[in-house]
Amino acid sequence: MRRASPSALHDRLSSLLTQRREAEAEFDRLVREERFLTGQRKEAEEQVRYYEGLLAVMRREWGKPRHLADLVRRLG
């Protein structure tokens, strides 16, 4: 078996350390992106709940129109 030279091992170690730093940086970026997207999803869910509640109030106050278009027409 052929042994690797110290400089080849050093180069390999340097390459692996660089790849590790790049992988860790990518991981950190993905974690930040996941947090951002999770926040966006929660905000969207809150908006949906708000508008569903508003729609329920409107239906209760105005009776039950058959279609959303009827509600829009009544608003206009």
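Let's start with a contact you can find in the structure above: the side chains of glutamate 33 and arginine 29 meet in a salt bridge, with 3.0 Å from N to O. The term salt bridge means a side-chain nitrogen of Lys or Arg within 4 Å of a carboxyl oxygen of Asp or Glu.

This is a predicted model, where local features need pLDDT of at least 70, side-chain atom pairs count only at pLDDT 80 or more, and totals for chains, interfaces and linings use all residues. Residues are numbered from 1 along each chain as its sequence is written, and side-chain values use heavy atoms, leaving out hydrogens and water.

How many salt bridges does a search of the whole structure find? It finds four, and the table shows three of them.

| Pair | N to O distance |
|---|---|
| arginine 20 and glutamate 24 | 3.0 Å |
| glutamate 33 and arginine 29 | 3.0 Å |
| glutamate 45 and arginine 41 | 2.9 Å |

Arginine 20 and glutamate 24 are separated by about one helical turn because they are four residues apart in helix H1 (residues 6-62); helices are DSSP runs of H or I with at least four residues, numbered from the N terminus. Arginine 20 is exposed, at 54% relative accessible area, whereas glutamate 24 is partly exposed at 38%. Here exposed means over 50% relative accessible area, buried under 20% and partly exposed in between (1.4 Å probe, protein chains only).

Glutamate 45 and arginine 41 are also four residues apart in helix H1. Salt bridges with shared partners join Glu26, Arg29 and Glu33 into one network.

Definitions and conventions
Helices (H or I, at least four residues) and strands (E, at least two) are DSSP runs, numbered from the N terminus.
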